[in-house]
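Welcome! Here is a short briefing on the aromatic rings of this structure and the charges beside them.

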Amino acid sequence: MILSEKFICAGEEYSTFEKRIPAPIFRKDVQLSGDIKKAEITVCGLGFYKFYLNGANITNGRLAPYITNSEQILYYDNYDITELIKSENRFEFILGNGMQNAFGGFIWDFEKAENRSSPKLAFALELTYKNGKTEIIQADESILAAESNILSDDLRLGEIYDANQNERKWKNAKKTRTPLGEKHLSAVNPITVRKELKPICIFKEDNAFIYDFGINTAGVCRLHIFAEKNQTVKLTFAEILKNGAFYIDSTTFDHSKSSYYQSDTYICKEGENEWAPSFTYHGFRYVKVEGIREEQATEDLLTYLVFNTDLKQIGEFSCDDESLNTLHKMSLNSTLSNFHHFPTDCPQREKNGWTADAALSSSHTLLYFDAAANYKQWLKSICKAQREDGALPGIIPTWGWGFEWGNGPAWDSVLTELPYQIWQKRNDLSAFAICKIAIIKYIKYLDIRKDKNGLLAIGLGDWCAPDNPRKAPLILTDSIEAFDIANKASQMFDSVGDSENADFCNSFACDMRQNIRKHLFDKEKCIFEGGSQTSQAMGIYYGITDESEKSKALEALLDIIKQDDYHIATGVLGGRVLFHLLSENGEIDTAIKILENPTPPSYMQWIQSGDTALCEGFGEYNGLASHNHHFWGNISALFMEQICGIKVCAETINIEPHIPSGMQSAEASFNSVFGKISVKWKKESDNVVFKIECPQSIKGTFSFGSYSLSLSKIKSPIKLKL
């Protein structure tokens with residue numbers, strides 16, 4: 001299998017924000033010289049490609065290939081085309097800008113990328129004939145190139161397509177520079193259409209028509225229209241309505257509302273037209289349609305193609321509390337609509353691989369979806385993005401942005417959190433093998449960034465915390481996150497028998513814990529610096545308190561929560577651990593009370609506002625907050641791990657349910673590497689009846705109150721006193 005280094009382009013000029021260049025199409029006719037035994041082709045199209053063989057689109061999913069910084073890593077897709085190839089064949093490739101020329105990403109300096117270029121293509125067609133002869137055809141100057149019907153494309157801004165551009169002016173392709181990235185064969189799940197939606201409502205607004213699809217998720221619209229030639233239809237995408245009117249501010253940035261927003265434009269041919277964009281996607285619930293007549297504004301005009309990485313669902317949860325069921329659905333919707341090759345922060349304005357977002361969401365994602373393969377491939381990009389001194393950027397892939405702002409231990413923890421969670425949830429340390437060298441390098445970087453007290457304050461802190469006089473200071477959250485990074489790294493090194501690095505990481509963790517306790521913890525009052533929900537929750541959850549101090553520290557946390565009138569007052573770092581900590585310490589009702597607080601700031605405010613995905617923040621929206629973020633989604637892990645008690649720890653799975661007083665029943669299941677585990681419980685008077693199913697060979701125990709039994713001896717149902 002050849003991963004070709006020979007790249008071609010249609011021309012060296014590339015699109016800018018001010019001047020758009022049509023997407024190029026490449027063509028190669030291939031005639032076979034005998035009967036074929038095997039035919040395969042590897043393709044790398046930067047930024048994106050669509051591959052047609054004899055007129056049929058056989059591309060490996062949408063937005064292919066896997067997105068990277070091509071100066072660090074290049075991914076190729078492989079196709080076995082033995083059954084598709086004929087005696088005479090036409091190979092065609094259309095290229096989009098993707099991340100190779102992400103001119104719509106100027107806010108993150110993508111327009112300043114040194115190696116930005118026009119779209120480029122490499123492929124290697126390998127033919128093995130039945131007579132033993134072999135033939136290799138690669139991209140070169142003999143390939144013909146022309147402009148396609150796609151007049152403009154950008155991953156964030158959208159596409160413009162002219163259906164009337166039927167005349168092709170073919171010319172020979174040009175040889176272009178090969179990117180410097182390491183060449184790899186992609187081994188991830190592709191991006192596929194998960195479902196198709198029709199509008200639930202259509203209404204008129206000024207001279208446009210607003211289509212409501214009922215859910216804020218991610219994908220594109222397929223347009224189907226009977227039109228006259230050159231009728232121009234413009235689609236603009238939004239998450240919400242404001243005062244009943246179409247509203248784009250949550251998907252834009254303040255300085256660019258007039259020019260930076262999600263939209264697709266289609267210039268019709270005469271008669272029937274059907275089209276969907278190729279090289280973009282949007283985050284939306286509502287679509288403003290301009291350029292159509294009233295009789296064309298039918299239900300069949302638009303179909304929402306919802307797509308994301310094809311992640312097999314391996315976990316489920318439901319209960320008799322419909323508010324929690326709704327939050328769970330919102331969480332999984334945000335998780336999927338923000339997974340396109342790797343986890344992104346939001347599917348509309350950014351589409352960036354923010355590292356903290358993935359670290360915060362990896363636990364619940366791996367409980368409900370088989371995402372390990374895509375995480376592992378992204379980890380290679382994370383390691384490649386590491387600077388020589390050990391620092392990591394805040395978004396990956398990046399072309400240099402995110403080292404000076406947007407990173408720090410809470411964000412950089414992705415380097416350890418992803419392999420740690422894959423180890424725990426799938427009993428698999430291969431992800432750790434990918435990045436163990438980078439982990440040591442990073443912890444040594446943290447070591448030289450400590451202040452005179454051996455603490456850290458070098459990054460972003462408890463992001464998106466609601467307005468509250470009590471805040472967790474950066475020096476506390478950074479130092480605790482650094483402790484957790486080293487602690488988990490030590491466990492993983494120990495698991496693979498690397499005692500030297502395990503000891504190094506453990507020593508760093510012990511020193512950091514000691515310094516936090518000395519300078520940021522009041523041992524008499526058992527209160528951490530800042531005296532906030534996040535301060536207490538992180539300090540206790542991550543083990544900074546001694547066991548003898550834990551009870552008093554928890555009492556202080558409960559007092560703070562009471563003072564906050566049971567509203568959530570954490571940012572994403574505290575929110576990740578608060579509910580788990582409460583549940584594991586006999587306060588599951590307090591956790592649910594905070595979750596279901598009917599007044600802002602609260603998760604319930606999103607339901608009351610009609611949101612169908614988790615939002616970026618709580619409190620009053622300032623017009624810029626996204627309505628589809630996944631970094632608050634660890635509540636879905638709470639539901640499985642605490643309410644139903646399924647706790648997956650590498651080779652062991654324990655079942656330790658914590659039952660809310662106001663809940664009557666719940667059930668969850670998880671397809672582990674050892675087999676499927678399911679837990680159902682239902683209250684009956686003063687008792688609770690458990691039905692547990694799991695493989696007999698599984699290691700672990702079922703515990704509820706003082707009752708404990710090995711899972712291998714479980715015989716359901718089990719009736720216990722509440």
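**Aromatic rings and their partners**

One aromatic cluster is formed by Phe579, Tyr603, Trp606, Phe618, Phe631 and Trp632. This is a predicted model, in which local features need pLDDT of at least 70, side-chain atom pairs count only at pLDDT 80 or more, and totals for chains, interfaces and linings use all residues. Residues are numbered from 1 along each chain as its sequence is written, and side-chain values use heavy atoms, with hydrogens and water left out.

Aromatic pairs

- The structure holds 39 aromatic pairs (rings of Phe, Tyr and Trp, the last by its six-membered ring, with centres within 6.5 Å; planes under 30 degrees apart count as stacked, over 60 as edge-to-face and the rest as tilted).
- Among them is the edge-to-face pair of Phe213 and Tyr304, at 5.3 Å centre to centre with 80 degrees between the planes.
- This pair links distant parts of the chain, 91 residues apart: Phe213 lies in strand β18 (residues 208-227) and Tyr304 in strand β25 (residues 302-309). Helices (H or I, at least four residues) and strands (E, at least two) are DSSP runs, numbered from the N terminus.
- Both Phe213 and Tyr304 are buried (under 20% relative accessible area; exposed is over 50%, partly exposed in between, with a 1.4 Å probe and protein chains only).
- Phe317 and Phe639 count as stacked because their ring centres are 5.1 Å apart and their planes at 25 degrees.

Charges over rings

- The charged end of Arg20 sits over the ring of Phe17, 5.9 Å from its centre (NZ of Lys or CZ of Arg within 6 Å of the ring centre and within 35 degrees of the ring normal).
- Arg156 has its charged end over the ring of Phe110, 4.9 Å from the ring centre.
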